[in-house]
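User: I have a model to look at. Can you walk me through its pockets and its strands?

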Amino acid sequence: MSVLPSGEQHVLRSGDAEAVVVEVGGGLRTYTAGDRDVLDGWSEGEMAPDVRGHVLAPWPNRLRDGVYTWDGAEHVTPVTERALGTAIHGLVRFVPWRVLARSADAVVLEHLLHPQPGYPFALRLRVGYELSAGGLRVTTTATNEGDADAPYGEGHHPYLAAPPGLRVDDCTLVLPAATRVLTDDRLLPVGTESVHETPFDLRAGRVLGDLRIDDCFTDLDRDADGTAEVRFTGPDGHGAAVWMDASYTHVQVFTGDVVEPPSRRRYGLAVEPMTCAPDALRTGAVRRLAPGESVTGTWGIRPL
């Protein structure tokens with residue numbers, strides 16, 4: 001049997017729900033609840049397209065020119081988005097993750113990121129997926145295994161599925177964010193603005209129509225436990241919510257207008273919990289992990 005592009009497939013089941021977590025990248029390939037696709041995922045015969053389901057570490061989103069300075073030293077990482085000249089979504093998207101624990105409804109994967117040119121730090125990364133009647137819970141922990149402080153940011157990249165026969169245009173998005181990150185023509189941050197009285201004020205929810213979004217948002221409204229929730233629903237009210245704890249300060253939303261092939265465009269909405277803004281390695285707005293220090297974040301997907 002030939003090797004699958006995403007490696008070993010870890011199938012989780014709980015009641016009528018099923019999720020598939022993959023070895024390559026430690027990401028989430030599919031998630032169904034009953035007869036509904038919660039995620040716009042990909043087939044086991046494909047390489048993960050358009051960053052679908054990926055873990056984004058040790059930085060999410062874009063880094064300008066692949067260059068940043070940390071504690072006085074300049075580091076240069078490979079430019080992985082040639083068209084815009086950026087290093088995008090970290091270093092662990094196409095590496096193998098080993099299984100630490102496994103049950104019928106849960107799996108914990110680990111990857112030890114060794115020092116390398118551009119990121120000379122050692123990080124132990126663990127991501128756990130747990131499926132239940134209430135949805136899918138994802139817990140990510142990073143530990144600095146080196147002997148110097150390390151910069152760290154993290155995110156995840158699920159695409160929520162539009163209902164069968166419909167597109168993102170037909171769905172309602174509730175996005176509890178007061179601030180949008182403004183970007184230049186390379187999609188790199190240049191400032192922020194209030195969403196008030198702009199097309200990006202989605203706090204009360206609206207049908208997306210032809211609105212194009214590939215933007216990062218912050219100042220999220222949260223409940224008493226510090227949880228923020230983004231809701232994406234079809235005309236019948238069915239859909240999914242992505243929730244995130246207080247460690248995820250930003251969320252990127254992407255309506256899928258430039259994914260390839262064009263036949264896939266606007267059939268899934270990427271909702272990406274992130275612990276920092278784009279270009280945070282360069283601006284320094286990332287977590288500083290001391291040697292031996294760990295940090296954990298939790299988010300999840302809840303069918304509606």
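User: How much space lies in the second largest pocket?
Analyst: This is a predicted model, and the values are computed from it. The space in the second largest pocket comes to about 290 Å³.

User: Which residues are the closest to the centre of that second largest pocket?
Analyst: The second largest pocket is lined by 20 residues. Strand 4 (36-37), strand 16 (159-161), strand 22 (228-233) and strand 23 (239-244) each give two or more residues to that lining. By type, the lining holds 10 nonpolar, 5 polar and 5 charged residues. Closest to the centre are Asp37, Ala161, Ala162, Pro163 and Pro164.

User: What is the volume of the largest pocket?
Analyst: Its lining has 22 residues, and Arg62, Glu81, Asp214, Phe254 and Val258 lie nearest the centre. The volume of the largest pocket is about 510 Å³.

User: How many residues in the lining of the largest pocket are charged?
Analyst: The lining also has 8 nonpolar and 5 polar residues. The charged residues number 9.

User: Which are the edge strands of the open sheet of 9 strands?
Analyst: The strand order is 10-11-12-13-27-23-22-17-20, with antiparallel pairing. An edge strand here pairs on one side only. The edge strands are strand 10 (98-103) and strand 20 (206-207).

Methods: Residues numbered from 1 in each chain as written. Predicted model: local features only at pLDDT ≥ 70, side-chain atom pairs only at ≥ 80, totals over all residues. Heavy atoms only, no water. 1 Å grid on protein atoms, 1.4 Å probe; cavity = no way out; pocket = protein on both sides within 12 Å on 5 of 7 lines; lining within 4 Å. Points joined across faces, edges and corners; volume = space filled by probe spheres on them. Nonpolar A, V, L, I, M, F, W, Y, C, P; charged D, E, K, R; others polar. Helix = DSSP H or I, 4+ residues; strand = E, 2+ residues; numbered from the N terminus. Pairing = 2+ DSSP bridges.
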